[in-house]
There are 2 protein chains.
Amino acid sequence: MSAEVRLQDVADAAGVSIATASRALAGKDRVSRKTQTLVKRTAERLGYQVNAAARALREGSNRTIGMIIPVVGNPFYAQVVHAVEAELQEQDLELIIADSHGEIEREARRLDLLLGGRVEGVIVVPSDAQGSSEALIKTAARIPLVQLDRRVEGLASDFIGVDNDRGIDLVIAHLREQGVRSIVYIGANDNTSVGRERRLAFARASAGLDVHEPIFGNFSREYGLEAGAALVARGELPDAIVCGDDLIAVGVLGALRAAGKRVPRDTLLTGFDDTLLAEITDPPLTSVVQPIAALAREAIRALVLRTEDRDAPTFYSRIAPQLVVRESTSRP
Amino acid sequence: MSAEVRLQDVADAAGVSIATASRALAGKDRVSRKTQTLVKRTAERLGYQVNAAARALREGSNRTIGMIIPVVGNPFYAQVVHAVEAELQEQDLELIIADSHGEIEREARRLDLLLGGRVEGVIVVPSDAQGSSEALIKTAARIPLVQLDRRVEGLASDFIGVDNDRGIDLVIAHLREQGVRSIVYIGANDNTSVGRERRLAFARASAGLDVHEPIFGNFSREYGLEAGAALVARGELPDAIVCGDDLIAVGVLGALRAAGKRVPRDTLLTGFDDTLLAEITDPPLTSVVQPIAALAREAIRALVLRTEDRDAPTFYSRIAPQLVVRESTSRP
DNA sequence: CATGTTTGCGTAATCGTTTACACAGAGAAT
DNA sequence: ATTCTCTGTGTAAACGATTACGCAAACATG
């Protein structure tokens with residue numbers, strides 16, 4: 001039980017007014033040294049904890065930010081959440097997370113819920129480049145919003161993401177060095193900005209190579225398995241397979257193995273994101289390292305800036321990734 | 001931007017008092033059909049959103065629960081978060097998550113922050129069986145708390161976890177069927193209840209087999225690599241290696257591969273948790289499937305019950321896992 | 001000594017909701 | 001016609017913290 005102790009109780013116990021007690025604890029207003037320590041000690045003794053709701057109501061802010069992601073289960077997003085959370089702890093901010101399960105209306109519903117002063121700002125990884133647009137625009141009109149990793153069309157909010165062009169460039173330059181002549185891309189469709197960007201980047205960067213017909217689905221292992229099987233069914237494999245992310249690559253690898261094909265002997269294979277998965281497959285995957293910590297830091301910085309000045313110029317930031325080379329692309 | 005619209009504004013626009021407006025929206029008190037729809041429509045038109053802080057202050061609750069876990073980056077916990085979040089959505093509850101990074105004082109600090117009425121209850125996966133005890137006891141005295149997956153010593157709070165005994169039993173029974181004679185356990189130390197339980201379960205269930213000296217560290221791939229190398233260095237491998245979780249198993253597998261040993265040819269290998277990892281290694285790992293959805297559901301149910309009645313008898317629940325057999329234990 | 005200035009603290013208003021209480025009007029019962 | 005019960009609505013008091021404003025005492029300045 002421990003009857004909730006209010007500020008009034010602390011004030012009473014310390015023999016001061018509630019105003020003084022508040023000031024003493026805040027410590028940034030004029031209070032005598034003596035009363036300050038007295039109040040602080042009393043608060044400590046009574047186990048006083050400020051009531052977050054009351055403070056939020058009065059202050060108009062609650063030191064909490066929201067985050068909406070397609071699915072925490074995806075190792076990449078799990079790591080993003082981890083990084084964002086770590087960064088927020090530095091600033092004594094809380095994190096409310098909501099999983100949209102990649103569904104547009106669920107996403108919209110969650111955003112609505114977060115609106116009522118529940119959070120000061122929101123970081124969102126939109127689930128669909130078009131479909132998420134409406135809800136995001138509505139939200140952004142009310143509270144600071146930054147898009148992370150992916151973005152929707154028609155919303156000029158702050159955005160932080162990896163430089164997908166550069167990432168794909170790194171992959172293809174590396175493959176060319178390995179002597180690759182023919183190549184194929186297995187990625188995600190244009191439903192997400194990331195899918196679209198990587199697709200276009202691949203099309204551009206692969207000029208001059210023998211490019212096989214690409215295959216597009218979504219960022220999942222299941223799809224990778226399917227796509228891998230489809231690729232094998234075509235007959236001859238290209239020299240290298242570039243995948244839209246690690247999950248797809250893992251799926252493709254599984255399909256190749258099931259068909260008796262070996263990597264890197266029969267074809268080279270690359271992923272994107274450099275999640276834990278890339279390290280544990282056999283062979284380990286060459287992948288593009290997302291600068292997750294930097295992404296998280298920048299996203300929060302953008303959010304804080306936006307909170308301070310709603311009319312500051314929009315922040316559009318692309319962070320350069322790096323390539324990590326592993327056995328899946330070591331020349332046979 | 002879009003001047004916050006208050007309930008008063010809706011009331012004014014609808015030409016009723018603020019009390020009536022509130023009742024109309026709540027819909028559970030006596031209001032005429034006509035005013036009710038009028039108010040609702042007006043609220044809709046003005047884009048009214050109740051202010052969460054004000055409501056929380058008044059109601060004394062905020063429909064938010066907190067969750068503290070050792071590390072979201074761990075695929076198993078990422079899935080747990082996903083399941084808990086999905087379950088909470090059903091009940092229109094929000095989820096605040098905090099990552100303790102496995103550090104005791106960080107965990108304590110986060111719990112303190114959550115205390116001030118910020119959440120109605122908290123689900124925690126304690127980072128240390130002894131070290132986390134104090135902070136958890138303090139928290140449990142103030143708000144409903146349920147321990148998930150792991151528990152600390154000296155706190156009789158509600159608890160939901162997998163039946164580790166049964167899980168290990170399933171693994172060993174299966175290995176015996178495969179004709180295993182000699183066996184070793186590579187798991188985590190007693191710092192967590194899970195580590196301890198699995199260790200003891202193994203010791204009990206392996207009776208009658210040729211049990212090699214076990215190796216204990218923590219639940220991580222890095223440790224698995226290390227332990228695997230140490231095992232190889234001993235010279236001869238046992239017929240089977242039972243690991244404390246998938247991460248360790250993945251590490252051990254890597255170490256075996258580096259040493260030129262093959263699974264299941266040279267030894268059988270098992271994991272625990274059945275995360276995505278178990279499916280994508282080569283060979284895929286036999287593992288114990290955690291009933292994650294059930295765990296999440298039960299945890300929330302316990303929390304809700306506890307919220308309704310602080311003095312209800314303590315809930316201690318063990319959910320039975322299942323075994324999923326994959327190639328890592330298919331008899332050579 | 002008279003007049004500022006600073007310091008420390010208390011009173012009361014405020015944030016936006018919900019809801020106990022009161023009250024007016026409409027029927028119903030006498 | 002008088003009293004009684006419902007219904008629907010409004011007035012005002014919470015919830016707990018922060019802070020503008022004001023006042024008294026202490027101190028400084030002329």
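Predicted model: local features only at pLDDT ≥ 70, side-chain atom pairs only at ≥ 80, totals over all residues.
Residues are numbered from 1 along each chain as its sequence is written, chains are lettered from A and ligands numbered from 1 in the order in which they are written, and side-chain values use heavy atoms, leaving out hydrogens and water.

Ala299(A) belongs to helix H13 (residues 292–308) of chain A; helices (H or I, at least four residues) and strands (E, at least two) are DSSP runs, numbered from the N terminus. Leaving aside residues up to four places away in sequence, Ala299(A) touches Ile123(A), Val146(A), Leu148(A) and Ile160(A), where contact means heavy atoms within 4.5 Å. Ala299(A) and Leu148(A) are 151 residues apart along the chain, yet their C-alpha atoms are separated by 6.9 Å.

Let us move to chain B. In strand S1 (residues 64–69), six of six residues are buried. Thr64(B), Gly66(B) and Ile68(B) point one way from S1(B), and Ile65(B), Met67(B) and Ile69(B) the other way. S1(B) pairs in the parallel sense with strand S2 (residues 94–99) of chain B over six bridges; two strands pair if DSSP finds at least two bridges between them. In this pairing, Thr64(B) stands opposite Glu94(B).

Now for the DNA. DNA strand D is surrounded by 24 residues, each with a heavy atom within 4 Å of the strand. By class, they comprise 10 nonpolar (Ala, Val, Leu, Ile, Met, Phe, Trp, Tyr, Cys and Pro), eight charged (Asp, Glu, Lys and Arg) and six polar residues (the others, Gly among them). Sugar and phosphate make up 58% of the atoms of DNA strand D that come within 4 Å of the protein.

| Residue | Atom of DNA strand D | Distance |
|---|---|---|
| Tyr48(A) | phosphate oxygen | 2.7 Å |
| Thr20(B) | phosphate oxygen | 2.5 Å |
| Arg23(B) | base nitrogen | 2.8 Å |

Conventions: Polar contact = N/O pair within 3.5 Å; in protein donor to acceptor, adjacent residues only side chain to side chain. Buried < 20%, exposed > 50% of the residue type's maximum accessible area, 1.4 Å probe, protein only.
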